[in-house]
Amino acid sequence: MKKDSDEFIIRNANENDIPEVMEVNMRSLPENYWYGFYKFVLDRWGDIFLVAELNRKIIGYIMNRIEDTRDPVLYGKENELSNNKEKKKGFDDIMSSLKNVFSDSHKVGHVISIAVLQEYRKKGIGTALLKEAISKMKSLYNTEAVYLEVRVTNYDAISLYKKMGFEEVRIIKEYYRDGEDAYVMVKKL
Ligand SMILES: CC(C)(COP(=O)(O)OP(=O)(O)OC[C@H]1O[C@@H](n2cnc3c(N)ncnc32)[C@H](O)[C@@H]1OP(=O)(O)O)[C@@H](O)C(=O)NCCC(=O)NCCS
C-alpha cells in the first residue's frame with residue numbers, strides 16, 4: 001500500500017466526494033457550507049472544483065467560481081492598499097471611475113474555499129491544488145485574474161498565496177462572522 005504523501009493526486013471533484021469535502025472543510029475552517037451549496041458549485045463549475053486524494057481518501061479541496069467584474073482592483077489595474085490614502089478624489093479620478101462603471105466586464109476566478117487536512121499540510125498539496133485550479137480557470141474560462149479573501153491573521157495561507165504571486169489589494173473590514181478583517185488578494189493572469 002502506498003504510504004508516501006508524495007503519491008497524492010489532484011482530480012476533479014464529483015458528487016460522491018461532497019461528504020468528504022465537507023468533512024475536510026469542517027475540520028479546517030470556521031466557514032462552513034451546506035450540502036446544497038457544494039452541489040450548486042459543482043454543477044455550475046465542476047471543471048474547476050478539485051480534490052486532492054491519497055489512497056482513496058480526500059485530504060484537500062479547492063472550490064472556485066467564475067465571476068464577471070468591472071472592478072479594476074480585481075483584474076489588476078489598481079491596488080487600493082498601495083494607493084496614497086490621503087489622495088482626494090480629483091476630477092480625473094471621478095471620470096476614470098465612471099469610465100470603469102461603463103466599461104466592459106472582465107472574467108475573474110474567485111477561490112471560494114481551499115483546505116488541506118492538518119496532518120497533510122506543508123507537503124505541497126495546497127500549492128498543487130491552487131496551481132491546477134488557476135491553470136484551469138485560465139485555460140477553460142480565459143480569466144484575467146484570480147482573487148480570494150483571507151483572514152488577515154491566516155499567515156500560512158497568506159504566505160502560500162504570496163508565493164503563488166497573489167498580492168493584497170484591499171481590506172474588507174469585519175468580513176468574517178467573528179469580526180475579523182479580510183484581505184482581498186489578487187493574482188493577475
Ligand atoms: C492554506 C492551506 C490550504 C495550505 O495547504 P498546504 O498543503 O499546507 O500548502 P503547501 O504545503 O503547498 O504550502 C504551505 C507551506 O509548506 C511549504 N512546503 C511545501 N512543500 C513542502 C515540503 N515538501 N516540505 C516542507 N515544506 C513544504 C510551502 O513552501 C509553504 O511554506 P510557507 O508556509 O513557508 O510559505 C492549509 O494551511 C489549510 O488548509 N489551512 C486551513 C484552511 C485555510 O486556512 N484555508 C485558506 C482559507 S483562505
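The following dialogue goes through a predicted model and the terms used to describe it.

Student: How many helices and strands does the protein chain have, and what makes a run count as one?
Tutor: The protein chain has 5 helices and 7 strands. Both are DSSP runs numbered from the N terminus: a helix is H or I over at least four residues, and a strand is E over at least two. Along the sequence the pattern is β-α-α-β-β-α-β-α-β-α-β-β.

Student: Why is Thr-69 called buried?
Tutor: Its relative accessible area is 11%. Buried means under 20%, exposed over 50%, and partly exposed in between, with a 1.4 Å probe and protein chains only. Buried residues make up 44% of the 189 residues in the protein chain.

Student: Where is Thr-69, and which residues is Thr-69 in contact with?
Tutor: Thr-69 belongs to strand β3 (residues 57-69). Contact means heavy atoms within 4.5 Å. With neighbours within four places in sequence left aside, the partners of Thr-69 are Leu-74, Tyr-75, Asp-104, Ser-105, His-106 and Val-108.

Student: What makes the approach of Thr-69 to Asp-71 a polar contact?
Tutor: The side chain of Thr-69 reaches the backbone nitrogen of Asp-71 at 2.8 Å. A polar contact is a pair of N or O atoms within 3.5 Å; within protein, one must be able to donate a hydrogen and the other to accept it, and residues adjacent in sequence count only if both atoms are side-chain atoms. The distance of 2.8 Å is within the 3.5 Å limit.

Student: Why is Arg-56 called exposed?
Tutor: Because its relative accessible area is 77%, which is over 50%. Arg-56 lies in the loop between β2 (50-54) and β3. Its phi is near 65°, a positive value in a residue other than glycine.

Student: What makes Asn-142 exposed?
Tutor: Asn-142 has a relative accessible area of 53%, so the value is over the 50% limit. Asn-142 is placed in the loop between α4 and β5, and its phi is near 55°, a positive value in a residue other than glycine.

Student: How many residues surround the ligand, and what decides this?
Tutor: There are 20. A residue is near a molecule if one of its heavy atoms lies within 4 Å of it. The closest are Val-116, Gly-124, Thr-127, Asn-154 and Ser-159. The largest share of the shell, 5 residues, comes from α5.

Student: Which polar atoms lie by ligand oxygen atoms?
Tutor: A polar backbone atom of Val-116 is 2.8 Å from a ligand oxygen, and a polar backbone atom of Lys-122 is also 2.8 Å from a ligand oxygen. For Asn-154, a polar side-chain atom lies 2.7 Å from an oxygen atom of the ligand.

How values were computed
Residues are numbered from 1 along each chain as its sequence is written. This is a predicted model: local features need pLDDT of at least 70, side-chain atom pairs count only at pLDDT 80 or more; totals for chains, interfaces and linings use all residues. Side-chain values use heavy atoms; hydrogens and water are left out.
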